[in-house]
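I opened the model to look up its pockets and its ligand. My entries follow.

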Amino acid sequence: MRDFSLDRAKMVRDQIERRGIKHPAVLTAMNKIPRHLFVSMEYQSEAYADHPLPIGFGQTISQPYIVALMTELIQPDQQDCVLEIGTGSGYQAAILSQLVRQVHSIDRHAELVKGAQRVADQLKLTNIQFHVGDGSLGLPENGPYDAILITAAAPQIPKPLLAQLKVGGRLVLPVGERWQQKLERWIRTTEETYDHEQDIPVSFVPLLGEFGWSESDW
Ligand code: SAM
């Protein structure tokens, strides 16, 4: 098996640090987690390139920089319990596992969750719990969460997820139309109030579900 550690260090330096990601623990996690294990053999040589890659079922593992940016935007803390919606390959969940106490990650594709669990077991990432289902409803049984990360594009902020944030909690997601969305960060400031701000334009696959897109509208 090829040693990808130099490719990984170059990815962190050229794609992530150079674009302004500063959080030391985020950079350490991106340097440590072997991204090539989260893609099929066919794509392993491209695993550290500056773009998303197919992972089957019409889905993608996000560009490394976007993973780092979204992770930094949730302001992870070692004591946090975080919900990720859109497990996909399991790479984002693996990065989060290095930064917080507990990760819950949910996807609507059982096969993707099975693959993600397999890699997490291989890497002995014991603080990730995977779930199958419609993540646009959140996962109330394990909440409220310190942070929620949605790695699929929503037409608007899914209301149940705002309710599953702790006061002081952060929610990061892409919101917008089919080809172009904006990353948004929502912060629960009190039981009743939220602040939100927009970050860079992005392009994600859809969040399909009750509080996401319907297949016919996307
Ligand atoms: N975070 C992933 C990774 O690290 O590989 C990439 C996520 S991919 C861009 C988006 C994922 O969202 C897909 O795996 C898709 O199946 C999932 N998804 C879409 N709608 C969903 C929903 N309602 N609930 C849960 N997962 C959903």
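I began with the second largest pocket, whose volume is about 260 Å³. A pocket here is an open set of points on a 1 Å grid over the protein atoms alone, where a 1.4 Å probe fits, with protein on both sides within 12 Å along at least five of seven lines; lining residues have an atom within 4 Å of a point. The volume is the space filled by probe spheres set on the points, joined across faces, edges and corners.

The model is predicted: local features need pLDDT of at least 70, side-chain atom pairs pLDDT 80 or more, while totals for chains, interfaces and linings use all residues. Numbering starts from 1 along each chain as its sequence is written, and side-chain values use heavy atoms, without hydrogens and water.

I then checked the lining of the second largest pocket. H5 gives the most, 7 residues.

Next I took the largest pocket. I noted a volume of about 570 Å³. Thr60, Ser62, Thr151, Phe204 and Val205 are the closest to its centre among 36 lining residues. The ligand sits in this pocket, meaning that more than half of its atoms lie within 2 Å of the grid points.

A ligand nitrogen is 2.9 Å from a side-chain N or O atom of Asp134. For a backbone N or O atom of Gly135, I read 2.8 Å to a ligand nitrogen. For Leu208, again a backbone N or O atom, I read 2.6 Å.

How values were computed: A polar contact is a pair of N or O atoms within 3.5 Å; within protein, one must be able to donate a hydrogen and the other to accept it, and residues adjacent in sequence count only if both atoms are side-chain atoms. Helices (H or I, at least four residues) and strands (E, at least two) are DSSP runs, numbered from the N terminus.
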